[in-house]
Amino acid sequence: MDPSKQSPSSLSRRGLIQGTLAGTALAPLLGAATASDAAGKAEGEGSAVRGGFSQDDILIRLHSPAVADPVKLLFVADTHLFRDDDRGAPYREFSGRMAKGYNQTKHFRTQNTTNPEACFEETLETAKSAGVDAVVLAGDIVSFPSEAAIEWVMARLEQTGVPWLYTAGNHDWHYEGMEGSSAELRSAWIEKRLLPLYEKRDPMMSALEVAGVKVLVIDNSTYEILPEQLEFFRQQAASGQPMVLCVHIPLYAPGRPVGFGCGHPDWGEAADKNFAIERRPKWRERHTDTTMEFHREVFAAPNLLGVFAGHTHRLSLDVLNGIPQVVAGANATGAHLLVEVLPMSVAG
Ligand SMILES: [Fe+2]
């Protein structure tokens, strides 16, 4: 996504926000989600599983009385790798724009010139040195599904030796201008190219359980949710176990533009500004009932500790019904999130 389209209300990099203080600290970010709403629920009101959260730049701590042992995750989205070779030659007319999109980037810490491959390798080193339990790769890891880029990613993930979960973003499966609906192209290119990244898990939805915490990944890279994905979320939520939800496209939050497009009431044909440049069919007229219901149920789930997303390329925090949704900066610049799920006894 074009960074110039970002909401000005995204967080400053060094912002420190305690979840239990969210009502006052976050009032300008909350839009229609009221301050008292966020503060009360973040303290665990009505939930035996949520125990508040804090954010310090890229470190997010989620506290839960239902967690016995700490769980550490590293969340990555939007690396936008563009490596290609002769095997990609037949697809150049579809990959040309994105192949030039992120060749050179500025490191999110140093502002020095860098590139997506260097940033991805650095991030995996961080995963190792931080001793994370799993890496979540939440889409747009590649800018188009070239064999060379996917082989490069697989080799690095396997070398790192940390378990990972992958879900696609809207670019991972997209060759711009290729015939077909987004859903058709997603299925086709997952099958042809992305499949190794899923390690036999269902590409549309999967869960990894780490020390009793469920890490859910759901593919919403078409902005929409399928009935079987809603059903999957319901089943996972019904377990009552603490959960985090990872998606590529952020879920609608009041006041946010349609980049926060999953469940956004204004999402649809009339709001689709990028269909021409991305050479794809326009979005449908409006969201399906399933997508809207998914959004409602996610933010009503008493055992959901947090939502993590990418796509906008900018670090941001919204709180809906006491549940934080944190969007990561682009890993093309080295940005990522460290997520710690902690028992209440070590809550700072
Ligand atoms: Fe994206």
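This is a predicted model: local features need pLDDT of at least 70, side-chain atom pairs count only at pLDDT 80 or more; totals for chains, interfaces and linings use all residues.
The largest nonpolar core comprises 91 residues, and the members that touch the most others are Phe75, Val136, Ala138, Val244, Leu245, Cys246 and Phe308. For one of these, Cys246, the contacts beyond four places in sequence were listed, and they are made with Phe75, Val136, Ala138, Thr167, Val215, Leu216, Val217 and Phe308. In soluble globular proteins, nonpolar side chains tend to be buried together.

Helix 5, spanning residues 147-160, packs with helix 6, spanning residues 182-198, at an angle of about 5° and with 10 Å between the axes. Because angles under 35 degrees count as roughly parallel, helix 5 and helix 6 are assigned as roughly parallel to each other. On the side of helix 5 the contact is formed by Glu147, Ile150, Val153 and Met154, while helix 6 contributes Arg193, Leu194, Pro196 and Leu197. Classified by residue type, this contact of helix 5 with helix 6 contains six nonpolar and two charged residues, and no polar ones.

Helix 6 also contains Ser187, a residue that is partly exposed because 15 other C-beta atoms lie within 10 Å, a count between the limit of 12 or fewer for exposed residues and that of 20 or more for buried ones. Ser187 and Met204 are separated by 17 residues in sequence, and their C-alpha atoms are 9.6 Å apart in space.

The loop between helix 6 and strand 9 (205-210) includes Lys200, for which phi takes a positive value near 75° although the residue is not glycine. Most residues other than glycine have a negative phi. Lys200 has 7 C-beta neighbours inside 10 Å and therefore counts as exposed.

Strand 9 and strand 10 run antiparallel and are joined by six bridges; within this pairing, Leu208 stands opposite Val215 of strand 10, and Val215 is in turn among the residues in contact with Cys246. The loop between strand 9 and strand 10 (213-218) holds Ala211. The hairpin formed by these strands has two residues between them, and Ala211 adopts a positive phi near 45° there. With 13 C-beta neighbours inside 10 Å, Ala211 is classed as partly exposed, whereas Lys200, with 7 such neighbours, is classed as exposed.

Definitions and conventions. Residues are numbered from 1 along each chain as its sequence is written. A nonpolar core is a set of buried Ala, Val, Leu, Ile, Met, Phe, Trp, Tyr and Cys residues joined through C-beta atoms within 7 Å. Two residues are in contact if their C-beta atoms, placed from the backbone, lie within 7 Å. Axes are lines fitted to C-alpha atoms, for helices over the stretch in contact, and angles run from 0 to 180 degrees between N-to-C directions. Helices (H or I, at least four residues) and strands (E, at least two) are DSSP runs, numbered from the N terminus. Angles under 35 degrees count as roughly parallel, over 145 as roughly antiparallel, 65 to 115 as roughly perpendicular and the rest as oblique. Ala, Val, Leu, Ile, Met, Phe, Trp, Tyr, Cys and Pro count as nonpolar, Asp, Glu, Lys and Arg as charged, and the others, Gly among them, as polar. Two strands pair if DSSP finds at least two bridges between them.
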